[in-house]
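Thank you all for coming. I would like to walk through some side-chain contacts, and I will give the cut-offs as we go.

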Amino acid sequence: MVDPLGVSQQIDEATERFVVELVGVDSRAWTTRPEPDRWSLSEVLEHVALVNRNVVGRLDALGPIDTTPDITDEEMPYLFYNAVEPPNVARPSGTWTDVDEGVQQLRASASALVAWADAATVDLRSHGFPHPAFGVLDGAQWLRFSAVHTWRHRSELLAVRRSIG
């Protein structure tokens, strides 16, 4: 199927830009929380990988939608302005203690999304499901959501790195 938004490339690019922020991170910085209520670099990465896996699982259950998605493709990059993570959704365990293993897990989760997109046989614009905060998204938007979500948390990596020095 033709990739309607170039989402496979967006997922790959977002993932690689995210990973670049982890180059040279030592084990102390990897697990240090800048504040008690903020995530460490490890936890941010784990969260993104978990969300990617959750999206793949949900994409396998895409159903026909008979409404227009609640947001437009153009709005996708702005979804996370001033956003707070939904409670109990892809909460990190704090057990990812190895940077290289974490990066490998993230890349595997992104690769699974790209593989799903490349193998999709349904019309991604007429199939979808609701997001808990953003309403109904079609299948193409769900794939793009994964890239946008990764970009959003890349900025969190930058903030954590600045905070912990």
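I will begin with the aromatic rings and then turn to the salt bridges.

Please keep in mind that this is a predicted model, in which local features need pLDDT of at least 70 and side-chain atom pairs count only at pLDDT 80 or more, whereas totals for chains, interfaces and linings use all residues. Residues are numbered from 1 along each chain as its sequence is written, and side-chain values use heavy atoms, with hydrogens and water left out.

The structure holds three aromatic pairs, where rings of Phe, Tyr and Trp (its six-membered ring) pair if their centres lie within 6.5 Å, and planes under 30 degrees apart count as stacked, over 60 as edge-to-face and the rest as tilted. The rings of Phe129 and Trp142 are stacked, because their centres are 4.3 Å apart and their planes are at 20°. Phe134 and Phe145 form a tilted pair, with centres 6.3 Å apart and planes at 55°. Ring pairs link these four residues, Phe129, Phe134, Trp142 and Phe145, into a cluster. Phe145 is buried at a relative accessible area of 4%, where buried means under 20%, exposed over 50% and partly exposed in between, with a 1.4 Å probe and protein chains only.

As for charge, there are seven salt bridges, each being a side-chain nitrogen of Lys or Arg within 4 Å of a carboxyl oxygen of Asp or Glu. Arg154 bridges to Glu21, with the closest N and O atoms 3.0 Å apart, and both residues are buried. In another, Arg125 meets Asp73 at 2.5 Å between the closest N and O atoms; Arg125 is partly exposed at 32%, while Asp73 is buried at 14%.
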